[in-house]
Amino acid sequence: MHAYKPDQYKPEALKIVKDLWNAASFATYFSGNKAALSTPHLYISALATWEGSELFTQWKNQFRLLPLINGYKMATPLLKFNSNNWVTSVAFSPNGTQIVAGSDNNTVQVWNVLTGQQVQELQGHTDSVTSVAFSPDGTQIVSGSHDKSIQVWNVLTGQQVQELQHTDSVTSVTFSPDGIQIVSGYHDNSIQVWNILTGQQVQELQGHTDSVTSVAFSPDGLQIVSGSHDNSIRVWNVLTGQQVQELRGHTHLITSVAFSPDGVQIVSGSLDKSLQVWNIINGQQVQKLQGHTDSVTSVAFSPNGIHIVSGSHDNSIRVWNVLTGQQVQELQGHTESVTSVAFSPDGTQIVSGSHDNSIQVWNVFTDQQVQKLQGHTDSVTSVAFSPNGTQIVSGSHDNSIRVWNVLTGQQVQELQDHTDSVTSVAFSSDGTQIVSGSDNNTVQVWNVLTGQQVQELHHTDSVTFVSFSPDGTQIVSRSHDNSVRIWNVLTGQQVQELQGHTDSVTSVAFSSDGTQIVSGSHDNSVRVWNVMTGKQVQKLQGHTDSITSVAFSPDGTQIVSGSHDHSIRLWNVLPSQQMQSLQGNSDLFKSVAFSFNKTLNGIKSKDQPIQQSTQILDLPWYSTPDGWIFSSSNHNPLMWVPHNILKILCHPLNTLIISPYGSLSLDLSQSRLGTQWMQCYTPHNGPKSKFFVMHRLDSRTDFK
């Protein structure tokens, strides 16, 4: 067969040739599909994973009872403004009718959103413009530049009305909510607050130890948040100029920060490829949003505070649900790094700027730390609040554990006995004890009031994680010796060793009622254990690489897991009473039947034959690393999926995936597999060739 291409033909033959070309493409895809060597009900399922032309969309419509693979779709821009240079910063006007953009050609450009026409070009900077913003009333624009100046412009006339000078490059500028002040960040690590009427500096905020990259006012204008190359986010009091919080959690420099509309939360983006959401009252991180495959460059809240938009060096814009942490949109269209993103005032549109020289507008629907705690002489490895929030415990590579007063910032205890790095620390539920794990292979329990060690427990290798049970009577520890151990706090005796993982355990956690433990491992599995018996009661599979972190939801009904496969998965947990009834089986998860609405249908007995049914999808399924999907009830193959689909496919009990590659679900509710495979075809009055193909399939006898 010759490798003809569609563009070699005249228009009258183009459609036929395109169909033949796509048929050849499908044949190539199918020949490399493991289902091709199996029975008809398996090899016709290849249609479910094929993304081809209109021809194959029509074919899929004739096989309506095949499994369906569903996922979110990428959106397209509403408008595209082309610039001749890199766009460094973008912002909407308050009424949403205009967009301002800064560029590395030293200019500030203003565009009409409705027409896409440029209405102003503001010239005056002598170096790249780094940041732009509208005043709250929309009558002025502020711009910062590498030329060390801040310039304020009249939007209507295009005239410069203020020029504020500094001694280093300006990295970020914005107006206060009342429009009277401007805050600016600089490469010299400083932040300055200016009175726009007089042009006078009214505050200089000092504390960052590296360049300030982003600044923003709180909605009430009383606080400023800043991000820096020193990896920290800091919150400042505008009136006094004092730092009131320092938020740390990012592992690389901060690129963008913003307040939520109610001023209660802060979102930050970083070169560590993550977005983090913080509670400004207690300084705690409440969400970590991961999915970008490169550094996050810009973040912003929607006006109602429900969504966050982020831009990245991976060329994408992503929209996230703040409550769930789920990515709800991925906007693709830029061909180079996205440098700036913003919501329109009504929250219905997003504007983005990029190194590809364009500005794009998108339709959203279509698609304190009150103290700085210093004292450790080496890296801090673990921190935890006391239950009443008045104290913090920290562990460090300097081999020490330190206890701090949250209100005063003073160190109140230094606990020293470990002879190697402290890797993990935690308070007991009543706040009277601390547990610590160390690279010296020990777990130590301490009295908080006296600072005395009350227990020392031993592993055979470095201890990587420790935690108290909710009632404070037990401790769980994990170690590089591949074990998870449960200890009695009073006696110091080991009461359980949880065995089942086939590689190192990376993370463990108690459920809120203390009856279950979840563990993750380098064997790619998440396992749930009964604390009392030490038995494994669930094995959750779906990740395609090592598990890095696991945790229970507060009500104990869900588990979240993170993995080196770049995904975060949310799982439903079986009720504890059902887990008790399943003990003793070697493969418990595969013996339970769930409907896809997450309700427990019942337990299938091993000595009860499972009858072939057209409702085969009501039973849970499981996958193998090579892509086969099997029925859990009888272990018969259902279909085969390629690896790029398998790695982002929600498995039974897995309710959410956050991944840079997307998220897909498998719908088996209407499929006809097994002995009913011929029902997958839906007859109609179309071309006879389709009936001929079905006749050939029906006549096969070499089923495997």
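Guide: Start with a rule: two strands count as paired when DSSP finds at least two bridges between them. This model is predicted. Now take a hairpin. β24 and strand β25 (residues 316-321) pair in the antiparallel sense over five bridges.

Visitor: Which residue stands opposite H307 in β25?

Guide: N321 does. In general, strands of a sheet pair through backbone hydrogen bonds, either parallel or antiparallel. Here the sense is antiparallel, for β24 with β25.

Visitor: How many residues lie between the strands in the hairpin of β24 and β25?

Guide: Three residues lie there. In this hairpin N315 takes a positive phi near 75°.

Visitor: How many of the six residues of strand β24 are buried?

Guide: Five are buried, so β24 (residues 307-312) is largely enclosed by the rest of the structure.

Visitor: Let me step back. What does the secondary structure of the chain come to?

Guide: Six helices and 55 strands. The chain has 704 residues, and 55% of them are buried. Its accessible surface comes to about 30600 Å², with 49% belonging to carbon and sulfur atoms.

Visitor: Now sheets. In what order do the four strands of the open sheet with β34 and β37 stand?

Guide: Read across the sheet: β34-β35-β36-β37, with antiparallel pairing. The edge strands are β34 (422-427) and β37 (453-458), and each pairs on one side only. Neighbouring strands of this sheet are turned by 15° against each other on average, direction ignored.

Visitor: How many bridges pair strand β35 with strand β36?

Guide: Five bridges, in the antiparallel sense, between residues 433-438 of β35 and residues 442-447 of β36.

Visitor: Which residue meets E246 in a salt bridge at 3.5 Å, N to O?

Guide: R234 does. The pair links distant parts of the chain: E246 is in strand β18 (residues 243-248), R234 in strand β17 (residues 232-237), and they are twelve residues apart.

Visitor: Why does E246 count as buried?

Guide: Its relative accessibility is 9%, and buried means under 20%. R234 counts as buried because its relative accessibility is 1%.

Visitor: And R248: how far apart are the closest N and O atoms in its salt bridge with E246?

Guide: 2.6 Å. R248 counts as partly exposed, at 46% relative accessibility. Salt bridges that share partners join D230, R234, E246 and R248 into one network.

Visitor: How do I read aromatic rings?

Guide: A pair of aromatic rings is described by the distance of the centres and the angle of the planes. The count here comes to one aromatic pair.

Visitor: Why is the pair of Y622 and F630 stacked?

Guide: The ring planes of Y622 and F630 lie at 20°, with centres 5.6 Å apart, so the pair is stacked. The cut-off for stacked is under 30 degrees. Y622 counts as buried at 11% relative accessibility. F630 is buried too, with a relative accessible area of 19%.

Visitor: One last residue. Is Q192 buried or exposed?

Guide: Buried, with a relative accessible area of 3%. Q192 sits in strand β13 (residues 191-195). Its side chain makes a polar contact with the side chain of Q201, at 3.2 Å.

How values were computed:
Residues numbered from 1 in each chain as written. Predicted model: local features only at pLDDT ≥ 70, side-chain atom pairs only at ≥ 80, totals over all residues. Heavy atoms only, no water. Helix = DSSP H or I, 4+ residues; strand = E, 2+ residues; numbered from the N terminus. Axes fitted to C-alpha atoms, helices over the stretch in contact; angles between N-to-C directions. Salt bridge = Lys/Arg side-chain N within 4 Å of Asp/Glu carboxyl O. Buried < 20%, exposed > 50% of the residue type's maximum accessible area, 1.4 Å probe, protein only. Phe/Tyr/Trp six-rings, centres within 6.5 Å; stacked < 30°, edge-to-face > 60°. Areas by Shrake-Rupley, 256 points an atom, 1.4 Å probe, with all protein chains shown as cover. Polar contact = N/O pair within 3.5 Å; in protein donor to acceptor, adjacent residues only side chain to side chain.
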